[in-house]
Amino acid sequence: MTRVSATQERSTLPTPYVDLDRRAWARLRENHPMSLEQDDLTRLRGLGELLDLREVEEVYLPLSRLLHFYVEATHGLRLATSEFLGERPTRVPFVVGVAGSVAVGKSTTARILKELMSRWPHTPRVALVTTDGFLHSNAELQRRGLLERKGFPESYDRRALLRFIADVKSGVPVVEAPLYSHLTYDVLPGTVRVPRPDVLIVEGLNVLQPPAVRPDGSSTGAISDYFDFSVYVDAPVEEIRTWYVERFLRLRETAFADPQSYFHRYAGLTDDQARATATAIWERINEPNLVENVLPTRARATLVLTKGADHAVTRIRLRKI
């Protein structure tokens, strides 16, 4: 009898994804309308990203069309459940998670999706919340010895984030989210109001993290339990590293130049000094977090957008099982 190794067995298992190149994916747009113009794109794209209207047409319009199907199908399923239970039907907010590494472009993806979905005829209220506001304050991170692990799962107020998502999903009329400043690199006093959206997009490094196990063996909840759809923005680690260093160099002339910036001390670095500093930060903090915590969540996404060296999406993987 021939024995099959574990590796061979895994290779014969059906993949839960359908894998499409950009051309095949672009055809799925069909007649979904283009509602963005160049001025919109200039406002929405991140620092140094080369996103253009062609990429919106070929990547994000088909995704917008797919999300429209998901929103309507999910609403229909909830109506059927309400009818079965004899309850009065209500429209529950549709929640989309967007995950990926620092510098990979997940924030731009989230902003593009918000803009496209807010222009649909039946979902005018689309809210976008980043998980940055749910980081513990710098003072609290310092107290816990976690300042060098900012962005790692343990640096977030996980309970507050779970409560926020649960309240939105439960239809609470107005939910408040904390604010964060990338200028001061810290949470801010006050909150932003999120008044019962039709769609909520939640963007962050760790939004697809599985439940954490407590010392007593019980587990916490996971915010992804509340997602109706999730996107992981992917790229080779070495490419993301290059983008991170290049962005750091550009920030010297923009955000870092502000005397109020937490990173103002880097504004006067030479190119060589800036590259060395950015590389050291990447290797000490961002790459370990990516490899240990963020990248392992990729397989939990509904859809994976894979980018090439020029920051453009080249392949799309859609979960079908």
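Leaving aside its neighbours within four places in sequence, which residues is F164 in contact with?

## Around F164

Keep in mind that this is a predicted model, where local features need pLDDT of at least 70, side-chain atom pairs count only at pLDDT 80 or more, and totals for chains, interfaces and linings use all residues. Residues are numbered from 1 along each chain as its sequence is written, and side-chain values use heavy atoms, with hydrogens and water left out.

Back to F164: with neighbours within four places in sequence set aside, its contacts are V129, F134, V175, E176, A177, V194 and L200. Contact here means heavy atoms within 4.5 Å.

F164 also belongs to the largest nonpolar core, which has 85 residues; along with Y60 and L303, F164 touches the most other members. The largest share of this core, eight residues, is supplied by helix 4 (residues 53-85). A nonpolar core is a set of buried Ala, Val, Leu, Ile, Met, Phe, Trp, Tyr and Cys residues joined through side-chain atoms within 4.5 Å. Buried means under 20% relative accessible area, exposed means over 50%, and partly exposed is in between (1.4 Å probe, protein chains only). Helices (H or I, at least four residues) and strands (E, at least two) are DSSP runs, numbered from the N terminus.

Take helix 9 (residues 271-294). A straight helix of 24 residues would span 34 Å at 1.5 Å a residue, but helix 9 spans only 29 Å between its end C-alpha atoms. The expected span is 1.5 Å times one less than the number of residues. Helix 9 also bends by about 45 degrees at W282, where the bend is the angle between axes fitted to the seven residues ending there and the seven starting there.

W282 is one of the buried residues of helix 9, including also A274, A278 and I281. Strand 2 (94-100), strand 7 (229-234) and helix 8 (237-251) are among the elements covering these buried residues. T279 sits in helix 9 too, and it counts as buried at 18% relative accessibility. Beyond its neighbours within four places in sequence, T279 is in contact with R241 and V245.

Now look at helix 5 (residues 106-118): its 13 residues should span 18 Å, and its end C-alpha atoms are 18 Å apart, which agrees. Its buried residues include K106, E115 and M117.

## A hairpin and a buried strand residue

Strand 4 (residues 175-181) and strand 5 (residues 186-194) run antiparallel and are joined by seven bridges; two strands pair if DSSP finds at least two bridges between them. Across this pairing, L179 stands opposite L188. The hairpin has four residues between the strands, and Y185 takes a positive phi near 60 degrees.

V202 is in strand 6 (residues 199-203) and is buried at 1% relative accessibility.

R22 lies in helix 2 (residues 22-26) and is buried, with a relative accessible area of 16%. A polar atom of the R22 side chain lies 3.1 Å from the backbone oxygen of V313. That is a polar contact (a pair of N or O atoms within 3.5 Å; within protein, one must be able to donate a hydrogen and the other to accept it, and residues adjacent in sequence count only if both atoms are side-chain atoms).

R22 is also in contact with I316, a residue of strand 9 (residues 313-319). I316 is buried, with a relative accessible area of 0%.
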